[in-house]
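Grab a pencil and open the viewer. Below are a few exercises, each with a solution worked out step by step.

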Amino acid sequence: MTQTKMIGNKAITVNEEGYLVDFSHWDKQVAETIAKEVNIDLSQRHWEVLNFLQDQHKKEVALNIRKVGSSGVVSIKEFYTLFPQGPLKTATKIAGIPKPASCI
Amino acid sequence: MNEVDGDVKKMMIILSKATLDNVYAAFILANGARSEGIEAEMFFTFFGLEAVHKKKLEHLHVATVGNPAMHIPTMLGGFPGMEAMATTMMKKEMEKIDIPPVHEFLDILSASGVKLWACRLAMDMFHYKKEDLYEGLDDVLTVGGFYERAKGVGTHMLFI
C-alpha cells in the first residue's frame, strides 16, 4: 500500500513504512521534512552520510552496518550518534532510498 | 503480556553456549535490535563466556556431534578434523553474506551501544579474570545485576 504525502506543495509517494517509492521525488526539502519527523536536524555530517548511502544505492551495493562502518565515511559509533533510532533504517528513509533488507 | 502497546523496547540476551551457530544467533539478534532502534544487552554465562574470551573467541566451532541439522552421521561427526572442516565451511559462507568474524562482530555490537556483561559466577567457575576477556566488555555482573538492568516496560529476555 502506497500513500501520497504533501511536502511543501509537492506530492510524494511513500510506502506503508514511509519510504519513498520513487527516488525522483527526493530533494533536500523532502529529506529535511522526513528528518524532522524523527527529530533530526540535518547537519553537514548527516549530509555526508546521506550522500554516501545514496551513492552506494546507485551502485547497487546492498547496504549493511558492517559496510557503512568500514567505508571510512562514518564510524558505527558516530552513525548511531547521528541517527540514534536505528541508523540504517532512519538514514535510508531520509536519503529517499529503500530500507535495507539485511539482518546485519 | 500487559503492556502499553506491545512494542519491544529492550532485548536482554543471555548466551550460555559457545558453538558458533549459537554465538552468531545471539550476536545477530542483538545487532538486529539496535538497528531497529531497540536497546540490547548481552549476558555471557557458562560456555557463552568463550565468545568474549580473548584467546578463545577466534577459535569457536560448530558442533558436528549431537547436531542432527549437520546431516552427518554421529559416528563420522566425531572423527578428527570434522569440526574444523565444518567450521571452515560455515565461516566461508558467512563471509560471503557479510557476517563478520567474532572479534569484529563484538566491535560492531559495542560501537552500536550493545552492553556486554560477563557472568560473575561463571567467571569464578572457569577461573577467568577480567583481563582475559574482550576489551570492549562493559563489566562483570551478577545475575541480580543483570535483572536490575532489565527493568522497564517493553523489556524482553532471551536465553540461548
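B:Lys115 has a relative accessibility of 31%, so B:Lys115 counts as partly exposed. Here buried means under 20% relative accessible area, exposed means over 50%, and partly exposed is in between (1.4 Å probe, protein chains only).

Some ground rules. This is a predicted model, where local features need pLDDT of at least 70 and side-chain atom pairs count only at pLDDT 80 or more, while totals for chains, interfaces and linings use all residues. Residues are numbered from 1 along each chain as its sequence is written, chains are lettered from A and ligands numbered from 1 in the order in which they are written, and side-chain values use heavy atoms, with hydrogens and water left out.

**Exercise 1.** Find the salt bridge partner of B:Lys115 and say where both residues sit.

*Solution.* 
- Step 1: recall that side chains of opposite charge can pair when their charged atoms come close.
- Step 2: apply the rule, which asks for a side-chain nitrogen of Lys or Arg within 4 Å of a carboxyl oxygen of Asp or Glu.
- Step 3: B:Lys115 is in strand β3 (residues 115–119) of chain B and B:Asp138 is in the loop between α5 (120–126) and β4 (139–141), so the bridge ties together parts 23 residues apart in sequence. Helices (H or I, at least four residues) and strands (E, at least two) are DSSP runs, numbered from the N terminus.
- Step 4: B:Asp138, at 30% relative accessibility, is partly exposed.

**Exercise 2.** Work out which parts of chain A are joined by the salt bridge between A:Glu17 and A:Lys99.

*Solution.* 
- Step 1: check the gap, which is 3.0 Å from N to O.
- Step 2: A:Glu17 belongs to the loop between β2 and α1, and A:Lys99 to the segment after α5 (87–95), so parts 82 residues apart in sequence get tied together.
- Step 3: A:Glu17 is partly exposed at 40%, and A:Lys99 is partly exposed at 31%.

**Exercise 3.** Count the salt bridges over all chains, then name the members of a network.

*Solution.* 
- Step 1: the rule gives 18 salt bridges over all chains.
- Step 2: a network of them links A:Arg66, A:Lys67, B:Glu95, B:Asp98 and B:Glu104.
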